[in-house]
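The sequence and structure come first.

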Amino acid sequence: MTLGYLIYKLILVIIVFAVTLLIAMYSTYAERKVAGFLQDRLGPNRAGPFGILQPVADAVKLFMKEEMIPSVSNKTLFIIAPGLSLLTACMTGVVIPWGTSLNLFGENYSLQVTDLNIGILYLFGVVSIGVYGIMIGGWASNNKYSLLGAVRASSQMISYEVAMGLSIIALIITTGTLSVGQIAAQQSGWHWNILVQPLGALIFIVCAFAETNRAPFDLPECEQELVGGYHTEYSSMKMGFYLFAEYINMFISSAVISTFYFGGYNMPFIGRFIQSPNLLAICGVVFLFAKIFFGIFFFMWVRWTIPRFRYDQLMNLGWKMLIPLSILNLVLTCTWMMRHEIFNALFK
Amino acid sequence: MITTYLFYFLSFLAIMFALMVVLSKNPVHSVLYLVLAFFTIAGHYVLLNAQFLAAVHVIVYAGAIMVLFLFVIMLLNLNKETEPHKSVWLKASAAVASGLLLVVLVGSLKGAETIVQVNAFNPNIGLIENLGQTLFHDFLLPFEVSSILLLAAMVGAVMLGKRSIK
C-alpha cells in the first residue's frame, strides 16, 4: 500500500469515471443519430459539425431550465433521489476489467480498478440498490402518478433481477469463480462464454434490457400514455440526472455483457500478430470498447425496432417465461457439470 | 489500526441509524434508515473478512426485503391522520414492560462469565470457498431442511394471496 499505488488507483478510477460520463453523454447523441438512421432522417445536425456539440447544448439547456420542487413534497429525499440513481449507475465500473495489465517502468499496472473475489455479487448488489433512486424519487414527488410509476418501475426491476440472478448462477457454475477479472481471463481465444451458455446469455441480455428500463421494457418512463413515470415531477438537471443514469446503465450493461459472455478484452488470433504485452493490453482495451459500442448500438437498434410491451405481457414474460427458462438452464448446466458422477452412479 | 477506527465509526453509524429507525416520525424515513443500518452492518462483515456475507446481506436485505417493505409502506401512505391513537395507559404499560426487560437483561449479563473461545477464530471462514464447504459439506442436512422451511413459507404465502380456493 504505497503512495504510488494509491495514486495509480485514483487515476484509474478518475479515468473510468470520466470515460463513463463521456460515453453516456455521447450515447444521447448516438441514440438520436441511430433513430434518424433507422427512420430515414438526419437526426441532430445543427450544433457543430454533424451536430457533435448536441450533448453540450442539451446539458446547457437542462441547466438553464427552471427548477421546480413540488411544494408539499419531501424536499431532502426529492433532491437525494436522482443523485442516488446516478451514484449507483457509476459504482459498477470499478469491478469491470477494462484490459489485462500494462507494464510500465518495471511495474505491473492492472487495468481493473479492483478484482474483488465476489465481483459478480458486488455488481448484483449495486444493481439491486439501484431501485431506491427510483422508488424514493417517485414517493417524494407526492404525486399519485409518480408513485404508481415508481411502483411499476421497481416491480419490473425486482422481477427481472430473479431471472438475471439465476442465469448468473449458471455462469458461475461453469466458470467456477465469482471474480469478474478471472471470468474475463478464462475466455481467451475462442472460449467465449456465450458458446458455453447460449441460453443463459440470452436470458441475461433480456434482463439487462429490463433492468436498464430500455425499450421494449421502458414502461417506467414512457411518455404520455402512462403519464410519464417516477420522474413526472422532476425538471431541469434532476430530470437530466435520471436520464443520464439510464445511459450510464446502458454503457455498464454493455460492458458487463461483453465481459461475461463475449470474451471481454479477448479477441481470437490476436496473439499471432502482436507480441508485445503492452500493445496487446492496449488492443484488448480497444476490443472491449468495440464490443461495448456494438452493445450500445444493439440497445438502440432494439429500441427503434420493437414496440413496447403491455405491462401484463412484461410480467408474464418475466415470471412465466424467463424464470422457468433460467431454472431449466441451471438444471442443464448442473447436469452437464456432474455428467461423470451421474454416469458413474448409473452405469457402474 | 485503521480497522479499529473503522469499526468504531461503523458501530457509531449503525447505532445512530438504528435509533433513527425508531425515532423518526415518518415510516418511510424509518425504512430508509433501516437500509442505511444494514449497509453499516455489511461494512462490519467486510471488516471480519466475510465479503460474501456482506454482499449477500446487501443483496437480500437492502436490495430485496426492504424494497418490498418500502413498497407496502408507500402504497399504504401512512401518516399522522391515519395512525391509530394510543391511550396513555398503553404507553405507560409499554414503558414499564420494556424497562423490566432492560433490568432482566442487565442483571443476566452482569452475572455472566466472559466467553471462553473453544475453537480458534478462523479469519477466512467468511470467504466463499470456506463458507461453501461449511454449508454444503459439514452442515448439508440442516441447510437443505431450512430450504424446505422457506418453500413451505412461500407456498403458504401463495395460498393466502389467492382470493378463492377452488
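## Salt bridges in chain A

A salt bridge joins the side chains of Arg214(A) and Glu246(A), at 3.2 Å from N to O. The model behind this value, and behind the others below, is predicted. Arg214(A) sits in the loop between helix 9 and helix 10 of chain A and Glu246(A) in helix 10 of chain A, so the pair ties together parts 32 residues apart in sequence. Both Arg214(A) and Glu246(A) are buried. Through shared partners, salt bridges join Glu31(A), Arg214(A), Glu246(A) and Arg303(A) into one network.

Glu31(A) also pairs with Arg214(A), and the closest N and O atoms are 2.8 Å apart. This pair links distant parts of the chain, since Glu31(A) belongs to helix 1 (residues 3-38) of chain A and Arg214(A) to the loop between helix 9 and helix 10 (236-261) of chain A, 183 residues apart. A further salt bridge is formed by the side chains of Glu31(A) and Arg303(A), at 3.1 Å from N to O. Here helix 1 of chain A, with Glu31(A), is tied to helix 12 (residues 277-303) of chain A, with Arg303(A), so the pair connects parts that are 272 residues apart in sequence.

| Salt bridge | N to O distance |
|---|---|
| Glu31(A) and Arg214(A) | 2.8 Å |
| Glu31(A) and Arg303(A) | 3.1 Å |
| Arg214(A) and Glu246(A) | 3.2 Å |

Arg303(A), with a relative accessible area of 23%, is partly exposed. Over all chains, the structure holds 6 salt bridges.

## Helix 13 of chain A

Helix 13 of chain A spans residues 311-337, which is 27 residues. From its first C-alpha to its last it reaches 37 Å, close to the 39 Å expected at 1.5 Å a residue. The helix has a kink of about 30 degrees, centred on Leu317(A).

## Interfaces

Contacts between the two chains involve 20 residues of chain A and 23 residues of chain B. Chain A and chain B bury about 1900 Å² between them, with 81% of this area from carbon and sulfur atoms. Of the area that chain A buries against chain B, Tyr132(A), Met135(A) and Trp139(A) supply 31%, more than any other three residues. There are 0 salt bridges between chain A and chain B.

Within chain B, the domain assignment gives domain 1 (1-80) and domain 2 (123-166). Their contact takes 5 residues from domain 1 of chain B and 6 residues from domain 2 of chain B. Taken over C-alpha atoms, the centres of the two domains are separated by 23 Å. The two domains bury about 450 Å² between them, 64% of it on carbon and sulfur atoms. Asn49(B), Phe52(B) and Leu53(B) supply 78% of what domain 1 of chain B buries against domain 2 of chain B, more than any other three residues. Across this domain interface the rule finds 0 salt bridges.

Terms used. Residues are numbered from 1 along each chain as its sequence is written. Chains are lettered from A and ligands numbered from 1 in the order in which they are written. This is a predicted model: local features need pLDDT of at least 70, side-chain atom pairs count only at pLDDT 80 or more; totals for chains, interfaces and linings use all residues. Side-chain values use heavy atoms; hydrogens and water are left out. Helices (H or I, at least four residues) and strands (E, at least two) are DSSP runs, numbered from the N terminus. The expected span of a helix is 1.5 Å times one less than its number of residues. The bend at a residue is the angle between axes fitted to the seven residues ending there and the seven starting there. Domain bounds come from an automatic or database domain assignment. Contact means heavy atoms within 4.5 Å. Buried area is the accessible area (1.4 Å probe) that two parts lose on being put together, summed over both. A salt bridge is a side-chain nitrogen of Lys or Arg within 4 Å of a carboxyl oxygen of Asp or Glu. Buried means under 20% relative accessible area, exposed over 50%, partly exposed in between (1.4 Å probe, protein chains only).
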